[in-house]
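Dear colleague,

Here is the structure I promised to pass on to you.

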Amino acid sequence: MNMKQKIEQGREYLLGTYSQVPVVFSSGEGCTLTDTEGKEYLDFVGGIAVNALGYGDKGLTKALNGVLDSGLLHCSNLYYNNQAIEAAKAICTLAGMDKVFFCNSGAEANEAALKLSRKFGHRSSPARTRVITMVDSFHGRTYGSVAATGQAKYHQNFDPLPQGFQYALFNDLGSVEALISEHTCAILVEPIQGEGGVVPATKAFLQGLRELCDKHDLLLIYDEVQCGMGRSGKPFAWQLYEVKPDVITLAKALAGGVPCGAMLTSERASDIFSPGDHASTFGGNALAMAGVCEMTHRLSETGLCNEVSEKGAYLRSKLGQLVTKYPDTCKAVRGFGLMNGMVLSTPPREVVEACFAKGLLVLSAGSDVLRFVPPLVISKDEIDVAVTIVDEVLATLN
Ligand SMILES: Cc1ncc(COP(=O)(O)O)c(C=O)c1O
């Protein structure tokens, strides 16, 4: 079956929830993907900030094979397994947090944090049940996480949504403060907004949120699903800003590509849930936990985060040169580490498609941002290749 026929079969049977690019990938090595007809693509999407170690990473493969060889692929949370115990210690230590609940995705991690917030609010009388989130945020597609998402386009046609969410303006402390009432139990924020357009929070904003949460006895929750796990140049974005939350949600790169999510709690938030309050059959799955152990090891012991900062600065400087070269099309470059966006004055779709044709995978964020979230192991030479392709594409638009 050739690639075209495979795509036709995919279209026939896969529910049409994505507008999928007409390519079928069959293998990967380093930061390069290969399609079923042998064409190679340099990957600056990384499974949307998932494949932090690229493809075919030897350490990750060895860790996962170790679990497969043991025969214990999965064991119920009614019991302990070695990998979950190791992964829990490693991720809590790396994040400077107290405890962790493992699940399978970002949306599920946020659901856990939302339930935790509500139970925290139920300690007060009358109960406090409202959560403040941000306009242009993205927290997932399940009912709770999509209601928390401050973008109307994700809500359309899905009402009635769960109640109790209020949307403040990102980086506008006054707008958050105006929404706080005796009903509020938590504030949920992405330290660096991802889907909304790669928009970093200001340090003053996060500091202000911390102060408001302390003053009003609210939980401060960071959604680090996209910006966590080394992406910002620090293991966690809170360490970049030096403003610590009470709860962190993680997924995407957490297990290097094996589906995995987590909610980390500080001491203050660690005694809210009791046995029976929350659960996930696959949470703490041995295969995923081996991935978490490998990721945490690489982030804590190999200097990877420093490399991410350095390579990120290099990428931003190269993209900055394109902003100077094409002032009519490129407006600005922003981001931290290897989570970067170039603001365009045209819809990014055309650029994404032209890059794809030239063998470079990039994606959009928000309505006008070209997003670069490559594997954290990308090299400077590969950054040069990617920027050259973007340059060639922008030249054709000017
Ligand atoms: C910040 C953030 N939170 C949550 C999610 C949802 O994660 P998942 O798709 O694993 O449910 C995403 C996905 O893009 C995200 O970027």
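Glutamine 239 is found in helix α9, which covers residues 237–241, in what is a predicted model. With a relative accessibility of 18%, glutamine 239 counts as buried, because the cut-off for that term is under 20%. A polar atom of the side chain of glutamine 239 lies 2.9 Å from the backbone oxygen of leucine 94, and, if its neighbours within four places in sequence are left aside, glutamine 239 is in contact with Leu94, Ala95 and Lys234.

Methionine 229 counts as buried, at 2% relative accessibility. Aspartate 136 is another residue other than glycine with a positive phi, near 70 degrees; it is found in the loop between β5 and α6, and at 37% relative accessibility aspartate 136 counts as partly exposed.

One joins serine 125 and proline 126, with omega about 0 degrees, and proline 126 is found in the loop between α5 and β5 (130–134). Another joins aspartate 159 and proline 160, with omega about 5 degrees, and here the proline is found in the loop between α6 (143–148) and β6 (165–168).

Turning to the helices, α3 takes in residues 58–70, 13 residues in number, and reaches 18 Å from its first C-alpha to its last, which is close to the 18 Å expected at 1.5 Å a residue. Its buried residues are Leu60, Leu64 and Val67. Seen down the axis of α3, these buried residues fall within an arc of 50 degrees, so they line one face of the helix, whereas Lys58, Lys62 and Asp69 are exposed on the other side. Among what covers the buried residues of α3 are α4 (82–95) and α10 (286–301). The N-terminal end of α3 is capped by aspartate 57, a side-chain oxygen of which lies 3.1 Å from the backbone nitrogen of glycine 59, and α3 is followed by glycine 71, whose phi is positive, near 85 degrees.

Helix α5, residues 106–121, has 16 residues and reaches 22 Å between its first and last C-alpha, close to the 22 Å expected at 1.5 Å a residue. The buried residues of α5 include Ala109, Asn110, Leu114, Leu116 and Phe120. Serine 105 caps the N-terminal end of α5, with a side-chain oxygen 3.2 Å from the backbone nitrogen of glutamate 108.

Finally, how is the protein divided into domains? The domain assignment gives domain 1 as 3–56 + 304–397 and domain 2 as 59–301. The centres of domain 1 and domain 2, taken over C-alpha atoms, are separated by 26 Å, and 27 residues of domain 1 are in contact with 30 residues of domain 2. About 2300 Å² of area is buried between domain 1 and domain 2, and carbon and sulfur atoms give 64% of that area. On the domain 1 side, Leu53, Phe336 and Met339 lose the most area to domain 2, and together they make up 31% of what that side buries.

With kind regards

How values were computed: Residues are numbered from 1 along each chain as its sequence is written. This is a predicted model: local features need pLDDT of at least 70, side-chain atom pairs count only at pLDDT 80 or more; totals for chains, interfaces and linings use all residues. Side-chain values use heavy atoms; hydrogens and water are left out. Helices (H or I, at least four residues) and strands (E, at least two) are DSSP runs, numbered from the N terminus. The expected span of a helix is 1.5 Å times one less than its number of residues. Buried means under 20% relative accessible area, exposed over 50%, partly exposed in between (1.4 Å probe, protein chains only). The arc is that of the directions from the helix axis to the C-beta atoms. Contact means heavy atoms within 4.5 Å. A polar contact is a pair of N or O atoms within 3.5 Å; within protein, one must be able to donate a hydrogen and the other to accept it, and residues adjacent in sequence count only if both atoms are side-chain atoms. Domain bounds come from an automatic or database domain assignment. Buried area is the accessible area (1.4 Å probe) that two parts lose on being put together, summed over both.
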